[in-house]
Structure formats: structure tokens, C-alpha cells
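Below are some notes on the side-chain packing and the charged pairs. They are set out as numbered points.

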Amino acid sequence: MDPIRNPYAPGAGQRPPELAGRDEQLDRFQVVLERIRRGRPERSMILTGLRGVGKTVLLNALRGTAVRSRWGTGKYEARPEQAMRRPMAAALHVAVRELGHPRGEEVDYVLGVIKAFAQKDQPGAKLRDRWNPGIDAPAITGRADSGDIEIDLVELFNDVGGLAADVGKGVAIFIDEMQDLAAQDVSALCAACHELSQSALPLIVVGAGLPHLPAVLSASKSYSERLFRYSRIDRLSREEAAHALQSPAEDEGAAWADDALELMYAATGGYPYFIQAYGKEVWDLAPASPITSEDVRVASPEAETELAVGFFGSRYERATPGEREYLRAMAEVAAEQAGEEIDEVGSVLTADLATHLARKPQSLSPARDALLKKGLIYSAERGRIAFTVPHFGRYLRSQG
């Protein structure tokens, strides 16, 4: 098969040629946009799922839908130890520019509020040393600059939402890796979304994060369950996975045999990133169309090597020796308890890990907390942890 015409795209956040299995989320978002355009109440949205299920890809697709509806949009990726003010200000700056509001003085006022909000990130800094967010308008005094992130974000969202309402449009802010927001920023975001829901202003937040993101939001504000519309992004069904492989191949005049599709699903588990990674390797090594199960068997070692280096290995390298011991213990305990039916994320009890390692549970807390912060594991329920990356336990066991 011609590698130049290879249609599969296993890049981080890179949209695959066929966005299979996400029609429900795309259609629902279109309804949200239309309801807000008509002045009807709607909630902000949260996408959750493991790594490799395509949350970032879907987030970008939703942003594209908003852009085509002529909304103002902005996006940023939350990072640990990063305050919200600068990236949120940059995202809102882009969104305001996209709105195309005809009255320049009103736009300048809101841009000045955004600038004041951003510069409050540097309390006590001299004027010449302050970070400039690239906004020409002068900072507005007395609006979104109190220093209290919750008060300031509410005021900022109200001003930006009002600007959008003036032109009959909306603003959508997309936040990736939302579980990495600082606790005070999560609280502020919930408060701002709560205020928006009461004022019916056309501004929504669309967040994406790991499976424990709803618990992070709930711990911040008890009413967060009612603030957001939650959507769990999971692996694809057999039919959806087959469509993700077949449709791009057909566009290139190629096809997959049915037994090859079955073997691909068994190897990838239906996870979109794995489908693209295996698809790329199989295409390059297959001699001709249709692609057969034998082609999949021949290419699988190459795909597994690629994943071991670029997907699993890069994450494993971020862990310290003590953290790696913890990760390997998770993989071993999951295998011991589940036998042949090991779930994709190796969910185990923390008490069982302590027993396996013959250690006191308290002594393992530093490694556990560090891995949680690095996004390698998550805790969806008290006393239980799991890998954020599907098949990570299988990778660890294969390393000996």
C-alpha cells in the first residue's frame, strides 16, 4: 500500500479522517448553540474520558461547530501550577475579536476589562514590569480587578456575555485538561457559570478532562452537578471502529476484510488513538487491498512498538523510581485479581497495593499523590485507583 496515501492519523489531538462515534455529542452541541441563540437556558458542557478516547479531537470539533455558527470562541489547555487569569484572558480576547461587534468603544471597554483581569495575575508588580496580554485598549479600573478570582471571573463573563448578546451571537470557551485547574480556579469557574445560568447571557464553557473531573467540580461547589451537562466519551463500538477504519480506506480506493476488522478491534479495544496507530502501521505494511487479518498480525508488533515508545513509554518516563514501583504494583495486582478478564484501566484498591508491596498505606501516599498530579492515575471513588491510559497495565507487565 502507498504510504503517501495512508489516511490514518495517530497524532496527539489530531483529528482522524473519520470522526466516528461522536455524532451524539456533535448533534447535542448544535442544539445547545441554537437554544442559546434563541435566548433559552442551557448548561455548559463537560466531556470526560480516559486518555486516547479523543476528548481533545472532539473539543476541537465542537469549537469548529461554534465557529461555523459565527460564535466567538477561545480555547486553552489547563496545566498544573498555572493560574487561570492569563490563559482565560487570552481565550476571551480571541473570542471577542471573533464576535465582530460593530461598536468599537464597547469592544474597547470589554477588552480593557480582560486586560485588567489578566494583569491582576501580578499583584505588586511595577507598571513597566507587568505582563501585557497584547490588548491595545487601556485596562479598566474597578472591573474584574479585585484580586478575588471568583468575583473577577463573574464580572468578566458578564461583560463578555453582554457584548455577545448585543450582536445576537454567543461565546464559547473551551478548556482542555480541565482537571488540572487549581482549586480556587475551579471554584471561580463554577461560580461564574452559575451566574451565567441565572442571567441567561450567551456564554458557555465546554471542558474536557479525565474521568474524575466531575468529582473535582463537585468537591468545589455542591451545585456543580446541576451546572453542567456531562458526557462520558468512551471507546468505540465494533461497528463504529470498523467505520473509522473503512471510510478513510474507501476514500483511497482500498478496503478491509471482515476478519481483519475483527482482529483490529481485538487489538485496539475500540480506543480511537489505538485504532489510528494500528491503522497507520497496517496500511504501510499491507502489500495490497483488501487488507487481511494476516496483514494485521504482521503489522501488530510494529504498532505495539510505536505505542510503547510514543504513547506508553513517554508517560512512564515521567515517573520517578518510587512512582514506577507503584505503577507496576497496580498492574500486577490487577492481573492477580482479574485473571484473564483484566479491565482496560487496571482498577484496584489502594489497600491491596499496600498488601502487595508489604508497605503501610501511608508510606505509599506520596507516590500516589504525585501520580495523580501527573495525570497517570485517577481515583473515581474513595479507596480505588486506576490508570488514566487504557492498556497501560498490559504495557507495564510486558516490560518485565
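A salt bridge here is a side-chain nitrogen of Lys or Arg within 4 Å of a carboxyl oxygen of Asp or Glu. The model is a predicted one.

1. Glu323 and Lys374 form a salt bridge, with 2.7 Å between the closest N and O atoms. Glu323 belongs to helix H13 (residues 321–338), while Lys374 is in the loop between helix H15 (361–373) and strand E7 (377–381), so the bridge ties together parts that are 51 residues apart in sequence. Glu323 counts as buried because its relative accessibility is 7%, under the 20% limit. Lys374, at a relative accessible area of 24%, is partly exposed.

2. In total, the structure holds 20 salt bridges. One of them joins Glu252 to Arg5, and its closest N and O atoms are 3.0 Å apart. Glu252 sits in the loop between helix H9 (238–251) and helix H10 (258–268), and Arg5 in the segment before helix H1 (23–37), so this pair connects parts that are 247 residues apart in sequence. Glu252 is partly exposed, with a relative accessible area of 27%. Arg5 also counts as partly exposed, at 41% relative accessibility.

3. Arg35 and Glu42 form a salt bridge through their side chains, at 2.9 Å from N to O. Which partner is buried and which is partly exposed? Arg35 has 28% relative accessibility and counts as partly exposed. Glu42, at 19%, counts as buried, because the limit for burial is under 20% relative accessible area.

4. The structure holds 14 aromatic pairs. In one of them the ring centres of Phe274 and Phe311 are 5.4 Å apart and the planes stand at 85 degrees, so the pair is edge-to-face. The pair links distant parts of the chain, with Phe274 in helix H11 (residues 272–285) and Phe311 in helix H12 (residues 293–316), 37 residues apart. Phe274 is buried, at a relative accessible area of 2%, and Phe311 is buried at 5%.

5. Phe312 and Phe392 make a stacked aromatic pair, with 6.0 Å from centre to centre and 20 degrees between the planes. This pair, too, links distant parts of the chain: Phe312 is in helix H12 and Phe392 in helix H16 (residues 392–398), 80 residues apart. Both Phe312 and Phe392 are buried.

6. The residues of these two pairs belong to one aromatic cluster, formed by Tyr271, Tyr273, Phe274, Phe311, Phe312, Tyr316, Phe387, Phe392 and Tyr395. Charged groups also lie against aromatic rings. Arg315 is over the face of Phe311, at 4.7 Å from the ring centre. Elsewhere, the charged end of Arg85 sits over the ring of Phe117, 4.8 Å from its centre.

7. The largest nonpolar core has 81 residues, and Phe29, Trp256, Tyr326, Leu327, Met330 and Phe392 are those with the most contacts inside it. Leaving aside residues up to four places away in sequence, Tyr326 touches Thr350, Leu353, Leu364, Ala367, Arg368, Leu371, Ile377 and Ile385. There is a second, separate core of 49 residues, which includes Phe117, Val154, Met178 and Leu203. Phe117 in this second core is the residue whose ring lies under the charged end of Arg85.

8. Which residues of H10 are buried? They are Ala260, Leu261, Met264, Tyr265, Ala267 and Thr268. These residues cover an arc of only 165 degrees around the axis, which puts them on the same side of H10. The face turned away from that buried side carries the exposed residues Asp258 and Ala266.

9. The cover over the buried residues of H10 includes H9, H11, H12 and H16. H10 is followed by Gly269, which has a positive phi, near 70 degrees.

Terms used: Residues numbered from 1 in each chain as written. Heavy atoms only, no water. Phe/Tyr/Trp six-rings, centres within 6.5 Å; stacked < 30°, edge-to-face > 60°. Helix = DSSP H or I, 4+ residues; strand = E, 2+ residues; numbered from the N terminus. Buried < 20%, exposed > 50% of the residue type's maximum accessible area, 1.4 Å probe, protein only. Lys NZ or Arg CZ within 6 Å of the ring centre and 35° of its normal. Core = buried A, V, L, I, M, F, W, Y, C linked by side-chain atoms within 4.5 Å. Contact = heavy atoms within 4.5 Å. Arc of directions from axis to C-beta.
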